[in-house]
Amino acid sequence: MLSVLTGGLEAARLAQPPIAARVPELAPESIHAPHSALALEGVSLSFGGIHALRDVSFDLRPGEIRAVIGPNGAGKSSLVNVISGLYQADAGYIHLGGRRLRHLRPEALPKLGVARTFQNLALFPGLTVEQNVAAGLVFRRRHGLLAQLAGLPGARAEAAEVADRVRDVAGFLGITAHLHRLVSTLPYGLQKQVELARALVASPKVLLLDEPMAGMTATEKAEMAAHVRSARDRLGLATILIEHDIGVVMGLSDRIAVLDHGVKIADGTPPEVRRDPDVIRAYLGAEAA
Amino acid sequence: MSVFSASVTGARLATGFSLPVLVVLSLGFVAVPLTASPYVLEAILLPFLALSLAGLGLNLLTGYCGQVSLGSAAFMAVGAFAAYNFDLRTGLPIPVSIVLAALTAAVIGLVFGLPSLRLRGFYLAVSTLAAQFFVQWALTKFSWFSNGSPSGIIAAPVIELAGLRLDSAVGRYLFSLTIVTAITLLVHRIVSGPEGVNLIAVRDNETAAKVIGVPVLRTKLVAFALSSGIIGIAGVLWAFTYLRTVEPAGFNLDRSFQILFIVIIGGLATIRGTFLGAGLIVVFPLLLGRLSAFAFDGLIDAGLIKLIERIVLGGTIILFLIAEPNGLSAILSRLSARLRALVRRG
Amino acid sequence: MDWFELLFAAEVAVGGLLSGVMYALVAIGFVLIYKTSGVLNFAQGAMVLFAALTFVNLVERGVPFWVSVAVTLAAMTALGFGIERTVLRPLANRSPMTLFMATLGLSYVIEGAAQLIWGTQVHRLDLGISNAPFEVWGIFISTFDLVAAAIAAALVAALTAFFRFTHTGLAFRAVADDQFAALAVGLRLDRIWATVWAAAGVVALVAGLLWGARLGVQFSLSLIVLKALPVLVLGGFDSILGAIVAGLVIGATEKLAEVYIGPFFGGGIEGWFAYAVALIVLLVRPSGLFGQKRVERY
Ligand SMILES: Nc1ncnc2c1ncn2[C@@H]1O[C@H](COP(=O)(O)OP(=O)(O)OP(=O)(O)O)[C@@H](O)[C@H]1O
Ligand SMILES: [Mg+2]
């Protein structure tokens, strides 16, 4: 019985001391090694004539914050969308949970331990914050409509567990005060937080964040960065972070992959990427000049 | 359950009902039967109840789950004719026949809801017309459904409960009101519980819902089945308590649009709005008729009034969409807020 | 199947194809509006009724044919501009479904108004086209249907040319492709929409005349939207070519089904058969035969 929901276990996870996130360094060729949380192998994707991704290989280690940067239209979102099964790669494989997959079904993501946020807010405006976050736990529900309507003890207990779990995550992100408001009435920065909460509530192993700080004020960005970091520290999450703010990226990530026109042109630690001439040319060109 | 229910404003009494709901219920169950004239019951309240229920069913599908259907009347017809046949051919008590009719409508609704798994938006809306035309055709074509009546006309049985004949207007009204109340409570429970989260998640952002593991396909099918089942019962009430003699042609596309209009005017995804919308739709033509009889002293003929009714109805829809997309329900909220402010100021 | 039966089947099919052209004619009115504003205009049928009623009443009052055509055209154009002003503009930026529901309301208003102005009687409309069948290779074809098909074809050709070669037409296409970009380069969306609704009005007039001559001009004329809708979903909402092909497919299969399958059901299947055909195809191709498959971005 996979009753992962048992609040106790989750609470224990949340309360754990920070997991040592520094996984031993890996040689670049061990991309598909069993200890990566996720990997892409030679993934290509095109829309008509546009090559959004060209033969991209990419790995993500447990407990790692892995930034993906690149100019507009570089293929960053496409990468995340391929991983989440919304786009189907024309070629290549996705390694996840010890399996090598051509294509993922988006419906299967939560059970595979993958959660994501979207570049453009993808909340449910007609629901409260609490309901939005709780929606992130629907995939674990064991009791159907009839049990809920009959008010069976199991269904009630489940509802209580969900409520506890939502409150935990809300507390973690500091949005408890807004739980009962309609999410559409919140300011943009808070809505981004709610989307993060909805992803975290599922206790994923892999978290995909597509520009979680876009359009935020500096304070909000700092707050979001702190959340991303402490989520990793506390839960040992492997995180893919797409972000345009180079300052944030350099400070937050363990490794950075750089995409340009669908090609991965660099990959390494922040200092390595910062020094990389290709990156400077393709991406930081304006600033370097 | 409290986790999922939207924050509720207003006092909640020990029963779990809010004060306004209790007032409406006691008016409906006690005051109306004592005071209302047969005309009010027959011409206003009985169609109002049946259409409210139909609106509620459609609102579940369209308002909460975001799937537009243009074929609601078909499910009313299925409900009415199924209940008629269950009653005729099995001799089971009427409530059992009604439950079986609801199940029949739900199953047929499920079948016609299958395209929703693949189609979206207008493609889906147009495909729901298939239900409208197919059901109407089948009920007219195969006289078995109407027990051999050539044009499909059926005469509803008298409702009997535990030896009690609910033949009078008041009797039928109370029967109808009881069913509508029960189903409204059920729908309220559904939409304010976890299933409501699923429905609205699918409506608001299907992709996000899918990615976080909301069972999108199942939710849509549940919505179609529940909605059709409820609309089916509305059809039973329409046939058994209101008109008592119905034919398939009465459940035509105009009826489907009427139900859709109830939902638009009342407000998408609100239960009380549905009742307000149904009230307006039922009362408005009567008022118009009265008004023209009074103002023009019967000089305007009935055909003309029907045309004016059509124009005003269409105009009202457009007006609501432009000026108050959240419908009468939102207007009521504003009014009651203003009223409360007035009362507080003294 | 012997030779005679085959000939009969061919005759049925040809008849079906020709009425398919008439379906396509109505469907094209929808496509025009859908392509440029993303609205499924349910009021298209009401516009057909309005145009036909206006025209036939003018003619019956002794107005010469071409003057009546001109006046009706002017009326349809005015109607188009009026709709843009009173309905579309206030609803700009709202969801396509909201706009659709507004056109549902609009169809009630137009139907009601058309009959309020011109009365509810049934009018006979004679366009002076012979209805005598003529024979080609042993198949009898209705002259009227053939002429109607020719007129429809001419209209399609004119529309295509308009979209390809005129400045306004190109602007339409730009709007259809990307509203934001079109706005950015300074195209006036409101004018384009008004023009497109007026163009749909013209299509409605042609459809109204041809259908009116066939069925008589009366309220039920507005119900041809119900014939056009399955054609529309089958072809894809945004493709004129799709509307034509789907019109032909549905016209032919419907007539053949009526003759060969209908008897097993006791007849009368034309009310839903087209929808069944469209649904089956849609399950394989969810945006119709020629509809643009919109890849969503996330
Ligand atoms: N659904 C789609 N249909 C067609 N083209 C697409 C689609 N999604 C992405 N593209 C194209 O693929 C390329 C990569 O897009 P993508 O959204 O992955 O870029 P990005 O790096 O996320 O850019 P941004 O920083 O602007 O978010 C772009 O040229 C884009 O236009
Ligand atoms: Mg992006």
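Colleague: Where is Asn41(C) in this model?

Modeller: You'll find Asn41(C) in the loop between helix 1 (3-37) and helix 2 (44-60) of chain C. Keep in mind that the model is predicted.

Colleague: Is Asn41(C) buried or exposed?

Modeller: Asn41(C) counts as buried, because its relative accessibility is 0% and the cut-off for buried is under 20%.

Colleague: What is Asn41(C) in contact with, leaving aside its neighbours within four places in sequence?

Modeller: Phe30(C), Ile33(C), Met47(C), Thr103(C) and Trp197(C) are the ones in contact with Asn41(C) once those neighbours are set aside.

Colleague: Let's stay in chain C for a moment. What's up with phi of Asn93(C)?

Modeller: That phi is near 70°, a positive value, and Asn93(C) is a residue other than glycine. For background, most residues other than glycine have a negative phi. Asn93(C) sits in the loop between helix 3 (65-88) and helix 4 (96-118) of chain C.

Colleague: Buried or exposed, that Asn93(C)?

Modeller: Exposed, because Asn93(C) has 82% relative accessibility and over 50% counts as exposed.

Colleague: And what about phi of Ser203(A)?

Modeller: Ser203(A) has a positive phi too, about 40°, although it is not a glycine. Its place is in the loop between helix 6 (188-200) and strand 7 (206-210) of chain A. Ser203(A) counts as buried, at 12% relative accessibility.

Colleague: How accessible are Ser77(A) and Gln119(A)?

Modeller: Ser77(A) has 16% relative accessibility, so it counts as buried. Gln119(A) comes out at 25% and counts as partly exposed.

Colleague: What does chain A have in the way of helices and strands?

Modeller: Chain A has 11 helices and 10 strands. Of its 289 residues, 56% are buried. Among the contacts in chain A with a separation of 6 or more, 68% are between residues 24 or more positions apart.

Colleague: On to chain B. Why would you call helix 7 of chain B largely enclosed?

Modeller: Because 9 of the 11 residues of helix 7 (residues 194-204) of chain B are buried. The buried ones include Pro194(B), Glu195(B), Asn198(B) and Val202(B).

Colleague: What covers the buried residues of helix 7 of chain B?

Modeller: The cover includes pieces of two chains: helix 3 and helix 4 (145-150) of chain A, together with helix 2, helix 6 (169-191), helix 8 (206-211) and helix 9 of chain B.

Colleague: How many cavities of 30 Å³ or more does a search of the whole structure find?

Modeller: The search finds 6. The largest cavity holds about 70 Å³ of space.

Colleague: Which residues line the largest cavity?

Modeller: The lining includes Leu58(B), Ser72(B), Phe75(B), Phe112(B), Phe224(B) and Ile231(B). Helix 9 of chain B gives the most to that lining, with 4 residues. Helix 2 (38-64), helix 3 (72-90), helix 5 (121-141) and helix 9 (216-243) of chain B each supply at least two. By class, the lining has 7 nonpolar, 5 polar and no charged residues.

Colleague: Where does Ile259(B) sit?

Modeller: Ile259(B) is in helix 10 (residues 253-266) of chain B. Ile259(B) is buried, with a relative accessible area of 0%. Leaving aside neighbours within four places in sequence, Ile259(B) is in contact with Ala54(B), Gly55(B), Leu58(B), Ser72(B), Ala73(B) and Met76(B). Two of those, Leu58(B) and Ser72(B), also line the largest cavity.

Colleague: Last topic: how much area is buried between chain C and chain B?

Modeller: About 3900 Å², with carbon and sulfur atoms giving 79% of that area. The contact takes 49 residues from chain C and 38 residues from chain B.

Colleague: Which residues in chain C lose the most area to chain B?

Modeller: Met101(C), Tyr108(C) and Trp272(C), together giving 19% of what the chain C side buries.

Terms used: Residues are numbered from 1 along each chain as its sequence is written. Chains are lettered from A and ligands numbered from 1 in the order in which they are written. This is a predicted model: local features need pLDDT of at least 70, side-chain atom pairs count only at pLDDT 80 or more; totals for chains, interfaces and linings use all residues. Side-chain values use heavy atoms; hydrogens and water are left out. Buried means under 20% relative accessible area, exposed over 50%, partly exposed in between (1.4 Å probe, protein chains only). On a 1 Å grid over the protein atoms alone, a cavity is a set of points where a 1.4 Å probe fits but cannot get out, and a pocket is an open set with protein on both sides within 12 Å along at least five of seven lines; lining residues have an atom within 4 Å of a point. Grid points are joined across faces, edges and corners, and a volume is the space filled by probe spheres set on the points. Ala, Val, Leu, Ile, Met, Phe, Trp, Tyr, Cys and Pro count as nonpolar, Asp, Glu, Lys and Arg as charged, and the others, Gly among them, as polar. Contact means heavy atoms within 4.5 Å. Buried area is the accessible area (1.4 Å probe) that two parts lose on being put together, summed over both.
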